[in-house]
Amino acid sequence: MAVDPRQVLAGVLTITMFVMLGDMIKRDHFDALPVDSEISIHGTRKQSLVGGPWKEDGESLNSCWTKPVLEEADESQGYVTFSLTNGPEYHVSQIADAVVIARYLHATLVLPDIRGTEPGDKRKFEDVYDVEQFVKSLDGVVKVAKSKPSKVSGRNLAVVKVPSRVTEEHIAVNIEPIFRSKGNIRLATYFPSVNMKKTKENSNIDSTACLGMFGTLEVQPEVNGVVESMMERLRALSRKSNGQFIAVDLRVDILEKKSCQGNSASKSKSCYGPQEIAMFLRKLGFNKDTTIYLTQSRWDSSLDALKDLFPRTYTKESIMPIDKKAKFLDTENSELEKVIDFYMCSQSDVFVPAISGLFYANVAGKRIASGKTQILVPADIAGSSASSTDYLSHYVSKKNHFAYSCFC
């Protein structure tokens, strides 16, 4: 009996979604404690900052990869299709893998759709991202089709599971034979790991992966406008801290999960609650006038412990333009909320990941590329105070993020 590839894909995506959620919570714990003006969301702060734990942004890094170029003889030999799933932190990695695979196979990459975690939550690429920028960034690297050709159907389209940060060896052994046999493939990415540490040795596909991860995705103008207006609002609310604010990735639904409570045996934690974040920031020297943005969409009473110490704590609900709330805060538009959070956390003066996982890892990558290296990882501080430099993300202090393979 013939099997409908769409049924296979649906099953793979469902399993992948649960695996990724489990990975996000369980597998990537924070490191143990260390031993030894006008401002655009795309710019860096030029004005001098106030004292205390606030630090100046570093200089934006330059890309140190060479843009790969297609040879004239590299005729397209089929199509690679895929969907973006589970939010922007996954989109970044899914795009990078798809671009790497399409280039290796000399295939045409079909513009993906975007699928949320809820059934039926599906939207077009252009609803979130800038199509023309995406196509332009890949010009001469990979051929891009804006829609799937009618000749690509279930009969000649094979579903292929792909591990994130795919290697040339994996493509050659596990993907290329299927592609040559069927002529077209549909990728279903899964995440064996959710950290973004760079590998010890550079590979031939690093330049393509760097371009795919850091040079292709930009939000479309309306979404960018919402992010800009929210940034401006937070700057205006932060006069006492010279227009600076902290973004904290803290979502109540994740914190309530059992696996978010930590591992007593390894003394590692994957999540920190509102009270813990409040004490962490206070002991680092941030005062009560510090402005904080939370990725939690609407206020929850469990957040009161944070607001008690930092009254200027806000969610999207309180700072988003009124005329945009119906579209961007609707429960059916959770993907748009995630995109807003991703870019707010990438552009804030300080980023604090209360939850470990791929969101933290890929936000860190964008911040490193733009010189915004104030990424402070929470911990239970025993004393009454501590230096913020002691809690700088290992991605920055050890320069071990994949971004450091791409920028210099």
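## Valine 69

Valine 69 lies in the loop that runs between helix H1 (5-26) and strand S1 (79-85). Helices (H or I, at least four residues) and strands (E, at least two) are DSSP runs, numbered from the N terminus. This is a predicted model, in which local features need pLDDT of at least 70 and side-chain atom pairs count only at pLDDT 80 or more, while totals for chains, interfaces and linings use all residues. Residues are numbered from 1 along each chain as its sequence is written, and side-chain values use heavy atoms, with hydrogens and water left out.

Valine 69 counts as exposed because its relative accessibility is 54%; exposed means over 50% relative accessible area, buried under 20% and partly exposed in between (1.4 Å probe, protein chains only). Not counting residues up to four places away in sequence, valine 69 touches Arg103 and Gly140, where contact means heavy atoms within 4.5 Å.

## Helix H2 and its partners

Helix H2 (residues 88-105) packs against helix H13 (residues 358-370) at an angle of about 65 degrees, with the axes 8 Å apart. Axes are lines fitted to C-alpha atoms, for helices over the stretch in contact, and angles run from 0 to 180 degrees between N-to-C directions. H2 and H13 are therefore roughly perpendicular to each other (65 to 115 degrees; under 35 is roughly parallel, over 145 roughly antiparallel and the rest oblique). On the H2 side the contact is made by Glu89, Tyr90, Val92 and Ser93, and on the H13 side by Leu358, Phe359 and Asn362.

H2 also meets helix H12 (residues 334-347): their axes come within 9 Å and cross at roughly 80 degrees. These two helices, H2 and H12, are therefore roughly perpendicular as well. Pro88, Glu89, His91 and Val92 of H2 make this contact with Glu335, Lys338, Val339 and Phe342 of H12.

## Nonpolar cores

The largest nonpolar core has 84 residues, and Leu109 and Tyr129 touch the most other members. Such a core is a set of buried Ala, Val, Leu, Ile, Met, Phe, Trp, Tyr and Cys residues joined through side-chain atoms within 4.5 Å. H2 gives the most to this core, with 10 residues. A second, separate core of 28 residues includes Val252, Ile277, Phe286 and Ile355.

Leaving aside neighbours within four places in sequence, tyrosine 129 has contacts that include Leu84, Pro88, His91, Val339 and Tyr343.
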